[in-house]
Each structure stands twice: as structure tokens, then as C-alpha cells.
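Student: Could you walk me through this model step by step? I'd like to start with the strands and then jump around a bit.

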Amino acid sequence: MKELLKVENLTITNIENKKQTTIVENISFSVELGKCIGILGESGSGKSMTCKAIMGLLDKNFNITGSAIYKEKDLLTEGKENMRKLRGKKICMILQNPMTSFDPLYRIDKQITETLIEHTDLSKVEISKKSLEILEMMQIRNPQDVLKKYPHQLSGGMLQRIMIGMALILEPDLIIADEPTTAIDAITQYEIVNEFLKIKEKNQVGIIFISHDLSVVSKIADEVIVLDKGKIVDKGSVDYIFNEAKNPYTKNLIDKKMAVMKKFQEIIKKG
Amino acid sequence: MKNYIIKRCLIAIPLLMCISFFCFVFINLIPSDPAEVALRVRQTPIITEEAISQIRVELGLNDPFLIRYARWLGDCLRFDFGVSYVNPARTVLGEIGRCLPATIQLAGFSLIFVIILSLPIGFFCAIYKDSLFDRIVRSVVFMTTAMPAYWIGLLLMWLISIKLDLLPTSGNGTIKHLILPAFTISLTYISTYIRLIRNNILDNMKEDYVLYEKARGLKERTILINHVLKNSLHTCIVAIGMSIPQLIAGTIVVENVFAWPGVGKLCIAAIFNRDYPIIQAYVLMIGTLFVVFNLIFDIIQYITDPRLRRDVN
Amino acid sequence: MIKQLMKNKMAILSFGIIALISILGIFAPVFAPNDPYESNIIKKFAAFSYEYPLGTDHLGRCILSRMIYGIRPTLFLSLLTMLGTIGLGAIMGLLAGYFRGIVDEIIMRIVDVMLSFPSQIMILAVVALLGVDIRNVIIANIFIKWAWYARMIRTSVLKYRDKNFILFSRSIGSSESFILIKHMLPCIGSEMAILATLDIGWAILNISTLSFLGLGVQAPVSEWGAMLNEAKNVMTTNPYQMLVPGIAVVILVASFNLLGDCIRDALDPKEAN
């Protein structure tokens with residue numbers, strides 16, 4: 001399968017306030033077209049930072065070394081303008097907190113239109129058509145009404161789906177999903193995970209899926225890397241990580257989760 | 001939302017009562033006897049004990065405190081503030097009415113200065129954070145907070161009127177006369193607002209939606225102007241609105257420096273002349289303005305705050 | 001905390017300036033070259049010279065001497081005002097925050113009312129009532145401004161009130177006043193220090209403004225604001241008379257503000273390691 005993105009020896013240091021703190025160290029992984037790589041780790045392990053660095057969203061307070069090769073270009077050294085053109089069109093990101101990721105002062109249709117105007121030459125009519133397409137693709141009912149609403153009038157799950165739709169509409173090569181299910185309730189989580197599975201099947205995209213939730217990662221990812229305090233402690237297929245992982249941190253993570261699940265199932269069986 | 005508005009209005013009423021009470025207590029604590037003053041006003045040649053007690057009955061000065069307060073309040077609501085102690089031919093209302101337009105003119109112009117200077121400067125300081133421009137502005141702002149308003153006025157007067165002879169030093173009449181005093185007043189407040197706007201914009205730039213907009217590939221300028229600025233504007237407008245009564249109160253000193261014929265100058269003269277009705281009316285007016293403006297802008301802030309809409313739903 | 005402050009160059013600089021000015025003020029007779037009240041009309045508006053390092057004013061008095069003697073009213077009166085305001089505010093804030101209940105309600109309602117009104121105007125009104133005199137200015141300041149400090153201190157007290165060591169102290173039977181003095185005061189002490197430094201600046205500006213308007217210190221006392229009032233009339237002939245006290249006020253107030261900012265930064269938990 002074609003290798004979409006190859007990250008090698010990515011190291012990020014925070015150089016604010018004349019103090020140097022290493023955020024991530026020597027991260028290497030690759031993403032293939034049509035496959036999903038899961039990045040697993042607890043809060044503060046550097047998962048989001050890695051992806052923000054790849055997309056060029058870190059400011060001058062951070063020093064980044066290493067390489068992230070995408071289509072023969074090193075994303076880490078590309079100019080700001082070039083990166084901006086890639087973002088939202090070829091490389092799309094889905095953020096963690098849908099409730100706060102939309103500007104509260106603008107309606108949904110305006111925010112979708114903004115993105116489309118920036119990356120395409122479509123006319124107004126075509127843009128409205130595309131906006132409806134996004135919502136229909138995500139199986140949102142009454143798309144006309146939803147478009148006219150403000151973000152605070154919609155639920156988290158719906159906003160998350162709109163975000164996913166906006167990420168897909170321009171047919172990107174790479175989607176980075178940063179904990180898309182964390183801020184959502186369990187039932188909607190299930191629906192969102194299904195959306196991602198559908199995306200993997202239908203569209204030819206590579207997905208980087210960041211989460212601290214093992215069950216979600218196990219369903220979506222083909223390959224998993226485990227991060228702890230900025231370093232990769234384990235790498236392998238989902239089966240390997242869950243059943244055969246030798247690294248103590250990984251084992252601890254899996255065991256803890258398994259224990260919770262077992263207990264939960266016991267309680268359900270009893271009751 | 002309506003509940004909030006009603007609640008706020010209800011709270012304002014006791015506050016207004018308090019300030020009117022304070023003013024009434026004030027006039028009752030003054031050393032001069034209102035009965036004597038009244039006699040002087042009527043130009044009674046000889047002031048005897050009987051005349052004084054007669055006047056006291058006539059003016060109702062022997063009535064209980066609360067009744068006198070209620071009567072005084074009634075007079076105030078009819079805009080009858082009595083006559084000046086010093087110049088009985090003039091009513092307090094007349095005096096204040098004569099001087100008020102000049103003060104409002106000055107305060108209005110200062111407000112314009114504050115808005116056109118603090119908004120752009122604050123904005124650019126935030127965007128170019130820690131640049132040379134930002135650091136220079138921050139130092140200047142720091143210095144101006146340490147400068148007394150009257151000294152700024154004197155300094156500007158000396159530099160611009162006397163040394164450079166660009167603008168007149170005092171008096172009023174044309175726009176030229178207005179520039180220096182208005183600029184002086186605005187300088188004392190601009191520093192606060194530049195800091196406020198800068199911090200507000202910096203906070204807004206850290207918000208999630210800014211990150212998402214960057215991730216969608218929107219242009220930096222679009223993000224700043226259409227989104228960050230628009231979100232900050234709300235706070236800025238409310239803050240500036242709440243400062244309007246401060247600007248009016250702040251004219252006292254500047255009117256003194258530039259001999260601007262406004263209510264501030266009137267009040268200072270009244271303090272020296274012990275013309276208590278005028279001082280009382282001035283305090284009442286400013287206090288009321290304060291409460292009313294804070295009320296209006298509190299409500300405006302509540303209605304226009306986008307985040308509050310979320311809680312409502 | 002003091003150690004951290006010592007590392008900060010700005011803090012040392014501002015503290016140094018304040019200390020220097022204070023010493024000049026306390027030992028004014030030693031440092032001033034001439035008698036500040038001695039007027040010599042013939043020598044008015046003299047240029048800088050050895051005898052009159054900053055020249056003379058419109059009455060022929062030595063400006064430098066007036067400045068140095070002027071430190072006393074300017075700085076020490078403001079200090080007095082600040083102590084009174086913060087003292088009263090601290091007592092009310094402590095009582096309100098510590099005892100809660102009806103005491104808290106009453107005090108806070110009064111504070112709310114007082115904070116709704118412009119302090120400058122109220123101070124003016126109180127001065128007008130009591131008469132034009134510097135003592136009345138100080139009383140007016142304390143009477144009006146305590147509310148602001150009471151609120152801030154109450155917030156701090158509420159933060160520390162339910163901490164374990166206070167509960168422990170209460171449970172072993174310490175008296176309320178003991179707890180208030182021995183435990184609460186040191187807790188809020190640092191926040192009070194910030195408020196105090198920032199407030200002295202405000203007090204200096206306020207007193208000098210009122211003196212400038214003629215409502216505070218009376219002539220011929222050489223308070224810096226009063227000096228500026230006199231300088232106003234002779235601006236064209238002798239600008240130095242206006243520049244010197246003004247610059248001095250700015251330096252003094254700026255030093256206090258800077259020191260306050262440095263203390264605040266030193267206490268900021270984000271900066272602490």
C-alpha cells in the first residue's frame with residue numbers, strides 16, 4: 001500500500017521563557033493510504049503536539065526537528081503559506097472539543113462557506129449545495145435548518161459530525177482525528193466510531209486517530225503506537241498491543257482497562 | 001434573559017436611593033444653618049432669633065428627618081435643586097444647565113479619542129506580541145499610569161500651545177480648543193483600555209475555534225479580523241461604555257487646568273465658596289449617571305454575550 | 001518570596017529608588033541646601049547654580065529644597081492614607097470573610113453600595129463637607145476607599161478559611177482572635193503587600209491631585225502637587241518649576257507600581273517552580 005506520510009525522528013522542544021522542555025522525542029511512524037494508525041497515550045504524553053507539529057500549527061515557542069515527508073515534501077520545513085493551503089484541503093484535522101471549536105458568533109453555514117471559499121473556486125450556489133451534501137453525508141436530519149443554526153444551539157455529537165463532514169468534503173489524503181470521541185457521550189461515540197469505519201472503507205484516506213480510549217482505538221486502528229511522556233514505548237498491530245505487548249507501560253494500560261471492562265461485565269451479569 | 005434585566009433594574013433602585021440619601025445627609029451635616037441662609041437669600045436686613053424660628057417653620061425644617069428627606073427627594077425628581085447659597089439669584093439647576101453642555105462636549109470628544117486610539121493600538125499590540133512596537137507601547141502605557149492627569153495636561157499645554165504654538169491654551173469655542181483637554185483626559189484612560197483590549201485579544205487567540213480555523217487553512221488575516229476581533233469587540237465596547245461616567249467625572253481636573261467652563265470647574269469653585277447646593281447636585285448627578293450607565297451596559301453585556309446564549313439553551 | 005524578588009533587577013531598582021527618596025525625605029534638613037520657605041523675591045527664577053541647584057521658583061525659594069522637604073507630605077501622607085485604608089479594609093474584610101453569616105451580608109452590602117459610586121467624586125464631596133484641609137483629605141480617602149480593599153481581602157480570606165490548619169486550630173480550642181491574628185493575617189499578608197504597593201501610587205496621585213486643585217495641602221507647604229499648582233501660573237517664564245515636581249511624582253509612582261508588579265509576578269503560581 002502506498003505510504004502517505006512518513007514521520008522520522010520528530011522531536012519537539014518548548015523554548016518559552018528561556019527554559020527548554022522536551023515535549024516529544026524521536027517519534028517515527030508512517031501512515032498508509034486506506035489504513036488507520038492509532039496513537040495511544042495518557043494526557044500529556046504528547047499525542048496532540050505531534051499532530052499539531054505535522055500540520056504546522058505550533059508557534060515559534062517550539063523547536064521542531066526531524067522530518068515528516070508527505071508526497072515528497074517535508075511538512076516540517078514547508079513555508080507557512082504552503083502549509084496553509086494544504087490544511088483543510090489535503091490534510092484535515094478533527095478536533096477534540098466540538099462545542100468550542102466553532103466560532104460562537106457565526107452560523108454553521110457561514111463557517112462551512114468560509115472553508116470552501118478558501119480552498120475552491122465554487123460559486124455561491126455550488127457552495128450551498130456542497131454544504132447540504134456535508135450534512136446529508138453525515139446523516140443529519142433537516143440539514144437546511146441545521147445550517148442556519150448557531151453552534152451553541154447544536155449538540156456535541158452533531159457538531160462533531162459536521163466537523164468530520166467538513167474534513168471529508170474536499171477529499172483529503174490524510175485525516176488527523178484528535179480525540180474525536182472524548183467529549184461525546186457513549187451512545188454518540190458509537191455512532192462516530194462507525195462513521196470513521198465507513199470513511200476507512202469508502203474513501204481512500206489515511207487516518208491518524210489519537211485517543212486515550214483503548215476500546216475505540218481497537219475498533220478503528222490497524223496499527224498502534226503507544227506514547228508515554230513524549231516517547232514511543234510500543235508499536236505494533238492492534239492484536240499485538242492488546243495481547244502480546246511486552247512493554248510494562250503498555251501492559252499496565254491494557255490491564256487497567258481490561259480490569260474495568262471485566263468488572264463492568266461482571267456487574268451487568270449479576271444484575 | 002428578561003429575569004436578569006428586571007433583577008438588575010430592581011437592584012439599581014436601592015442604589016439610587018442610597019446616593020440620594022447620602023446627598024441629603026451631606027447637606028444636613030454642613031455647618032451653615034439653612035434657615036440663616038434662607039434669610040440672607042431673602043435679603044432680610046436684620047436676622048433675629050424669631051425670624052430664624054419663623055423661617056424654620058415655614059421651610060419645614062423642624063419636621064422629622066425622613067419627611068424632610070421625602071420632600072427633598074420630591075423636589076429633586078422635579079429637578080428643583082434650590083438656589084445657590086452664594087448667588088441667590090441663580091438656581092442650581094440653571095447653573096449646572098449652563099455648564100453641562102461644555103462638559104458633555106469635552107467628555108464626548110475624549111471618548112472618541114479613547115476609542116480611535118485604544119482599539120487599533122491594543123489590537124496591534126496583541127498581534128505583534130512582544131515586538132518592539134508592543135514593548136514601546138507597554139512602557140509608554142506604564143509611564144502614563146504613573147502620571148497625574150493634571151501634569152499631562154500641563155505638559156501638553158506647555159509643549160504644544162506654548163512652545164509650538166499649535167493650539168490655544170484655554171477657553172472654549174472651536175474644535176481647536178477642544179483637542180488638548182480631550183486628549184489629556186483620554187490619555188489617562190487609554191492606558192487601561194490598551195491593556196484590556198490587548199489581553200482580551202490575546203485570550204481570544206488562544207481559543208479552540210482559532211485553532212480549528214487555522215486547521216481548516218483559513219488565512220491569518222481572515223481569522224484575526226472576522227473572528228478574533230469580532231469576539232473581542234463585545235468586551236471592548238462594554239468596557240468603554242462603562243467608562244463614560246468616569247470620563248465625565250474625570251473632567252474636573254482637566255477643566256481646571258485648561259479653564260474649560262464645565263460643571264467640574266463649577267463644582268471646584270463651589271467647594272471653595274462653600275456653595276453646598278451646587279456640590280450636592282453635582283454629586284447626585286454624577287452618582288446617578290454612574291448607576292444608570294453601569295446598569296445599561298451591564299444589560300447590554302448580558303444580552304450580547306454569545307457564550308451566555310449557550311447557557312440559556 | 002523575598003529571595004525571588006531579590007533576583008529580579010526591576011524589583012531591586014524600584015525598591016532602591018523608593019528607599020532613596022524616603023531617606024532624603026526623612027533626613028531632609030541634612031540634604032536640602034536651603035530653607036524651603038525662605039523667599040527671596042530678588043532671586044526669583046534664578047538659573048541653575050551651586051547655591052540653587054534646581055533654580056528658584058516665583059517667590060525666590062530654592063526648588064530643590066522644596067522638593068526634598070516636599071517628600072515628607074507627598075510620600076508620608078500617602079503612606080498614612082494607605083495604612084488607614086488598608087487597615088480598615090483588612091479588618092472589615094477579615095470579619096466578613098471569617099465569620100460569614102449576617103456580618104458578612106451587612107458588610108458586603110455596604111461595600112457594594114460604596115463601590116457603585118465614583119470614588120473621586122465621593123472623596124471630593126467629603127472634603128467639601130469637612131472643609132479644605134489635608135487631614136480631611138486623608139479621612140475622606142480612608143472613608144471611601146476601604147470598601148475596595150475589604151472586598152479583595154474577603155476573597156483571600158475565603159480562600160484560606162477552610163484550610164486544614166485553621167480547622168485544626170479551631171478544634172484545639174484557640175480563640176477566634178488568636179486565629180485571626182496568628183494564622184489569617186500571615187496568609188493574606190502577601191496579597192495585602194501587593195495591594196499596599198499598588199495603592200500607595202494611587203494615594204500619591206490622589207493627594208497630589210487634590211492639592212493641585214487647592215483642596216488638600218495648603219500653601220506654603222511644598223507638597224509636589226501644590227508646587228505644580230503654583231507652577232501652573234508661571235509656566236511660560238519658568239517651565240522647570242512645572243517639570244521637576246511632575247517628573248518626581250512620575251518616578252515615585254512608577255517605582256511603586258513596578259514594585260507591586262514584581263511582587264505580584266513573584267507570587268504568581270504559574271511562575272513559581
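Tutor: Strands, as runs of E of at least two residues, and helices, as runs of H or I of at least four, come from DSSP and are numbered from the N terminus, and two strands pair if DSSP finds at least two bridges between them. This is a predicted model, in which local features need pLDDT of at least 70 and side-chain atom pairs count only at pLDDT 80 or more, while totals for chains, interfaces and linings use all residues. Residues are numbered from 1 along each chain as its sequence is written, chains are lettered from A and ligands numbered from 1 in the order in which they are written, and side-chain values use heavy atoms, leaving out hydrogens and water.

Student: Which residue stands opposite Ile39(A) in S9(A)?

Tutor: Opposite Ile39(A) stands Ile225(A) in S9(A). S3(A) is also joined by 5 bridges to strand S8 (residues 206-211) of chain A, again running parallel, and in S8(A) the bridge partner of Ile37(A) is Ile208(A).

Student: How many of the residues of strand S3 are buried?

Tutor: In S3 (residues 36-41) of chain A, 6 of the 6 residues are buried, so the strand is largely enclosed by the rest of the structure. Buried means under 20% relative accessible area, exposed means over 50%, and partly exposed is in between, with a 1.4 Å probe and protein chains only. Cys36(A), Gly38(A) and Leu40(A) point one way from S3(A), whereas Ile37(A), Ile39(A) and Gly41(A) point the other way.

Student: What is the strand order of the open sheet of 6 strands?

Tutor: The order is S6-S7-S8-S3-S9-S10 in chain A, and the pairing is mixed. Strand S6 (91-94) and strand S10 (231-237) of chain A stand at the edges, each with a single partner strand, so one side of each has no neighbour in the sheet. S6(A) pairs with strand S7 (residues 174-178) of chain A in the parallel sense over 4 bridges, and in S7(A) the bridge partner of Cys92(A) is Ile175(A).

Student: And which strands make up the open sheet of 4 strands?

Tutor: Its strands come in the order S2-S1-S4-S5 in chain A, with antiparallel pairing. Strand S2 (21-32) and strand S5 (73-74) of chain A are at the edges with a single partner strand each, so one side of each is left without a neighbour in the sheet. Strand S1 (residues 3-14) and strand S4 (residues 62-70) of chain A pair in the antiparallel sense over 8 bridges, and Leu5(A) stands opposite Tyr70(A) in S4(A).

Student: Where is Lys71(A)?

Tutor: Lys71(A) is in the loop between S4 and S5 of chain A, and its phi is near 50 degrees, a positive value in a residue other than glycine. Glu72(A) lies in the loop between S4 and S5 of chain A and has a positive phi of about 65 degrees, although it is not a glycine. For background, most residues other than glycine have a negative phi.

Student: Is Glu72(A) buried or exposed?

Tutor: Glu72(A) counts as exposed, at 81% relative accessibility, while Lys71(A) is partly exposed at 43%.

Student: Changing topic, what about Thr184(B)?

Tutor: Thr184(B) is found in helix H8 (residues 175-205) of chain B and is buried, with a relative accessible area of 0%. Leaving aside its neighbours within four places in sequence, Thr184(B) is in contact, meaning heavy atoms within 4.5 Å, with residues including Ala149(B), Ile152(B) and Phe258(B).

Student: Which residues of H6(B) meet H11(C)?

Tutor: Phe142(B), Met143(B), Thr145(B) and Ala146(B) in H6(B) meet residues of H11(C), among them Val249(C), Val253(C) and Asp261(C).

Student: Where is the confidence lowest in chain B?

Tutor: In chain B it is lowest in helix H14 (residues 306-312), at a mean of 56, and highest in helix H9 (residues 208-215), at 90; the score is pLDDT, the predictor's confidence in each residue, from 0 to 100. Chain B as a whole has a mean pLDDT of 81, with 90% of its residues reaching 70 or more. Where pLDDT is low, the predicted coordinates should not be read in detail. For the complex, the predictor gives an ipTM of 0.86 and a pTM of 0.79.
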